[in-house]
Amino acid sequence: MAETALPAPQPSGARPRPLLSRRNLALYGILILLALFYLLPLYVMVVTSLKDMAEIRVGNIFAPPVQITFEPWVKAWAEACTGLNCDGLSRGFWNSVRIAVPSVLLSIFIASVNGYALANWRFRGSEVFFAILIFGAFIPYQVMLYPVVIILRTIGLYGTLTGLVIVHSIFGMPILTLLFRNYFVSVPEELFKAARVDGAGFWGIYLKIMLPMSLPIFVVAIILQVTGIWNDFLFGVVYAKPEVYPMTVQLNNIVNSVQGVKEYNVNMAATILTGLVPLVIYFLSGKLFVRGIAAGAVKG
Amino acid sequence: MASIVVKDLTLAYGSVNVLNRLNLDVAEGEFIVLLGPSGCGKSTLLNCIAGLIDITDGQIFIKDRNVTWEEPKDRGIGMVFQSYALYPQMTVRGNLTFGLKNARVPRAEIDRRVRRAAEMLQIEPFLDRKPAALSGGQRQRVAIGRALVRDADVFLFDEPLSNLDAKLRAELRVELKRLHHNLESNTIVYVTHDQIEALTLADRIAVMRGGIIQQLDVPQTIYNKPANLFVAGFIGSPAMTFLDGRVVDTPGGKAFAMGGTRVPLDLYDGEVPTASDRPAILGVRPEHVTVGTEGSPGIPATMDLDEPMGADNLLWLTMEGQQIRARATADHGLRRGQPVSLLLDIAKASLFDQESEQRL
């Protein structure tokens, strides 16, 4: 081939910036500063929880502990008093587990079947049904707080774990159903038709075709529900009794107890313990979470 | 024996009739193509036959069994979809066997059918791959295989080649034709908007528009004697030219009049209306127009445009103030604006009533 003289030997457009350019330094510098600022409370909590009360009274909350002690953690978990009970947060932790696990499983199961039926088995009035369900997401909890107390009292579940599980499952329904329906709608209709020709029924298609395809959205739902239910305070304090208070309510009772000395180190340890579950979940599933949220946006 | 009978099928959404009292008889072993533009109801009709859409009124028989309210799986059908619709989490083998397992077919029988279908479609090497690891052509083969293993009497194809590129489409088209020859007793209903697919594959073509079958006939008749203006315009590429004019009496018999030109209709293959001076439309395919030099016998016209199409050229001409297309060899040597003279092959043309748009 004949050689052609290029009119401009320089490539046009801006060169990619080197890593340590002034602009990059400024950009990452600011980002790192902001990250440190947001991490500061966590740092203070961890540091304080590892000091004994004498050291806390010295007053420098940013100083690292001179003598590391795990005493406050043990006390927060096993000995702190709320009301008459002095067995620490462990009681609340197990209560929360017993609330969260069945609530998460139940609400996700029902909502996914709901969403699947609304997306793929359109029946007469399914759109209206869906609209009413979604409307539920916009009603403030406060409006329903007392009516639900009456309902639970009438069926004899007021102040029980079962009652709380039912309340969490119901209140999670609108947003979860929306989540699942929108995901299943994005699954090509022909896939569903092919499965019907292949002789799969309502449950066959749900279990063998839809479920294996929907792992990301289930992960999203699990994260939403676990963190939401774990962090719930309102329902716990209204619908449960002291013996079955979830961890958050118990934490509040420990931190806000008025008698005696304020044990800042125990409070900090208790707070970290309570927040640990959602924190771990976010750390472990961050990637899956983003993938699930973005799923459906991209075809295939 | 009729394999599929659709009787007075009506499908309504609210007050809109998507399909309106539609009737269709398909013989056993026949390859029938439902052809039409998007939204004509062809896929809807196929879905009704498959049982994927509940119909409003009418009846459907497959193999003399009334299946109007039966589940898709019990109708003895296999279906192939445009988007392949393979189950992404299953291997090719899993896709092929899913329906058979649901129907509790014995293991040995499943293996036999899978082997046969895989051999027929040359997909044996991919049996343990996931669909994501296959090319478009391979995926569609697997989708066809999934229909084959069902040992169905009737195969329904919903635009199976539309997602493939042109070259692959032509290859698979031939393969489908071969497949149909190998499966003599199997009836095929095939939906497409591609007239080439329809003309090459079909034993009979049903041209649809607005939920109504416009014409149902063998490809030759559809092409040569379109029942109405819509079919005439839809079939054929490049498309038929329509000329406005009137049917008039001349001393030599009936003729088609455009401006000052009279085209004798004595060779026309159809019923020329007896009423005189009646508005009509003459449809002429480009290959039935012969372009001659100025002064040779024929109707005077002027060259407008030349579209080279490889094998031949499509010429756009003006005749009596109307546009007409003609096919010419690539070496026609005509220039823009050059006066020419046209001969229309009336024996192969179609005359339509202007009002009813039906062929005369």
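Between them, chain A and chain B bury about 1700 Å², with 59% of that on carbon and sulfur atoms. Keep in mind as you read that this is a predicted model. On the chain A side, the residues that lose the most area to chain B are Glu190(A), Val197(A) and Asp198(A), which together make up 39% of what that side buries. As for who takes part, 14 residues of chain A and 25 residues of chain B are in the contact.

Two salt bridges turn up across the interface of chain A and chain B. One of them pairs Asp198(A) with Arg150(B), and their closest N and O atoms sit 3.5 Å apart.

Which helices of chain A each bring at least two residues to the side that touches chain B? They are α8, covering 189–197, and α9, covering 202–213. The largest share is from α8(A), with seven residues. Sort that side of chain A by class and you get eight nonpolar residues, five charged ones and one polar one.

Stay on chain A and look at its surface. There's a nonpolar patch here of about 530 Å², built from Leu106(A), Phe109(A), Ile110(A), Trp203(A), Leu207(A) and Leu211(A). Two elements of chain A give two or more residues to this patch, namely α4 (90–120) and α9. Leu106(A), for one, belongs to helix α4 of chain A.

Last, hop over to chain B for a couple of backbone details. Ser237(B) and Pro238(B) are joined by a cis peptide bond, with omega at about 0°. To find the spot, follow chain B into the loop between α8 (229–234) and β11 (241–250), where Pro238(B) lies. The other detail is at Arg21(B), whose phi is near 40°, a positive value in a residue that isn't glycine. You'll find Arg21(B) in strand β2 of chain B, which runs over residues 16–27.

Key
Residues numbered from 1 in each chain as written. Chains lettered and ligands numbered in written order. Predicted model: local features only at pLDDT ≥ 70, side-chain atom pairs only at ≥ 80, totals over all residues. Heavy atoms only, no water. Contact = heavy atoms within 4.5 Å. Buried area = accessible area lost by both parts, 1.4 Å probe. Salt bridge = Lys/Arg side-chain N within 4 Å of Asp/Glu carboxyl O. Helix = DSSP H or I, 4+ residues; strand = E, 2+ residues; numbered from the N terminus. Nonpolar A, V, L, I, M, F, W, Y, C, P; charged D, E, K, R; others polar. Patch = residues over 30% accessible without salt bridge, like charges linked within 9 Å, V, L, I, M, F, W, Y side chains within 5 Å. Areas by Shrake-Rupley, 256 points an atom, 1.4 Å probe, with all protein chains shown as cover.
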